[in-house]
Amino acid sequence: MNRKSDLIVLQRGWLSSNNVVIGDGEDQAVLVDTGYCTHAEQTLSLVQSALGERRLSAILNTHLHSDHCGGNARLVERYRVPVLIPPGQFDAASRWDESALSYRATGQRCERFTPDRALMPGSTLKLGDGLWHVLAAPGHDPDSVILFESRSGTLISADALWEHGFGIVFPELDGESGFDEVQATLDLITSLPVARVIPGHGAPFTDATNAVAEARRRLQGFRQDPPRHARYAAKALLKFHLIEVRQQSMHDLLAWLTNTEVHGQLWQRHFSAQPIAEWTESVLQELRRSGAIAIEDGVVLDR
Ligand SMILES: [Zn+2]
């Protein structure tokens, strides 16, 4: 747990995004992002201890990927607080349209919750001594927002900027524009006086300039070679699934992939010169060589 003034970062892993508890005066606090659904009980107990005597007053989501809002339902059940989400997915979340919300396409899970208000880009939130600016940050997700507190220079960057890179550029997987938006979001971050970044995954860091430079290089690589981005996406989604299930027989894993729309799309768009089974095998072998997974006696294991 990393405490600085009235902000506590609950650093999680890759299946669950980081969670940030921001104090709002002496007796209340808000929570930014809630992790993956299978970690909801752990999230609840981490949040409980971070809150101490304070009450939770709201849940904010930077975006609605399963690893950022999967704890919403459990936390709302416990605290009965409003959930604020970016406006672009408000309708889809209200109707719980799992296709529009990406869970069906990625084969990920998220427990249903009901959003209460929109977290509008351009608006500000006064929390204690902090003034948090809500900023649109499309790219990784068209509707994502990031949060910037100008007095302390604290940026909650979600998956728009990590210390080393950024999240999959999902719109590009659907053949829509995403790389330009990533660049615009990096430009926006460059224009802010950032002193400290709290990313969606990984430890907080202070050298935003270096992180943005690295992100720009990565983006440039993807622009020049879109299949490289597609392959990164395939590996990241497979790894995410294996972190969730821990291990799976090769037979069941292949069945899961067959039912996972995004996997077929990736293959179709970029790698269909090769049979899908062969391409899938090559992705798995690449993950195995990098040490991210192991394959033993027909069983695929997370590492
Ligand atoms: Zn995300």
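A residue is called buried when its relative accessible area is under 20%, exposed when it is over 50%, and partly exposed in between (1.4 Å probe, protein chains only). The model shown is predicted, so local features need pLDDT of at least 70 and side-chain atom pairs count only at pLDDT 80 or more, while totals for chains, interfaces and linings use all residues. Residues are numbered from 1 along each chain as its sequence is written, and side-chain values use heavy atoms, with hydrogens and water left out.

View 1. H63 (NE2), H65 (ND1), H140 (NE2) and D159 (OD) are the protein donors of the zinc ion, at 2.1 to 2.3 Å from it. Donors are N, O and S atoms within 2.8 Å of the metal (3.2 Å for Na, K and Ca); water is not among the atoms, so sites may look incomplete. The donor residues follow the sequence spacing H-x1-H-x74-H-x18-D. H63 belongs to the loop between strand 5 (55–60) and helix 2 (66–69), and H140 to the loop between strand 9 (130–136) and strand 10 (145–149), so the pair ties together parts that are 77 residues apart in sequence. Helices (H or I, at least four residues) and strands (E, at least two) are DSSP runs, numbered from the N terminus. H63 is buried, at 1% relative accessibility, and H140 is likewise buried, at 8%.

**View 2. The salt bridge between E41 and R74.** The closest N and O atoms of E41 and R74 are 2.4 Å apart; a salt bridge is a side-chain nitrogen of Lys or Arg within 4 Å of a carboxyl oxygen of Asp or Glu. Because E41 lies in helix 1 (residues 40–51) and R74 in helix 3 (residues 72–79), the pair ties together parts that are 33 residues apart in sequence. Both are partly exposed, E41 at 49% relative accessibility and R74 at 21%.

**View 3. The salt bridge between R231 and E286.** The side chains of R231 and E286 meet at 2.5 Å, N to O. R231 lies in helix 9 (residues 226–245) and E286 in helix 12 (residues 276–289), so this pair ties together parts that are 55 residues apart in sequence. E286 is partly exposed, with 23% relative accessibility.

**View 4. The salt bridge between E296 and R303.** E296 and R303 meet through their side chains at 3.5 Å, N to O. E296 is partly exposed at 41%, whereas R303 is exposed at 58%.
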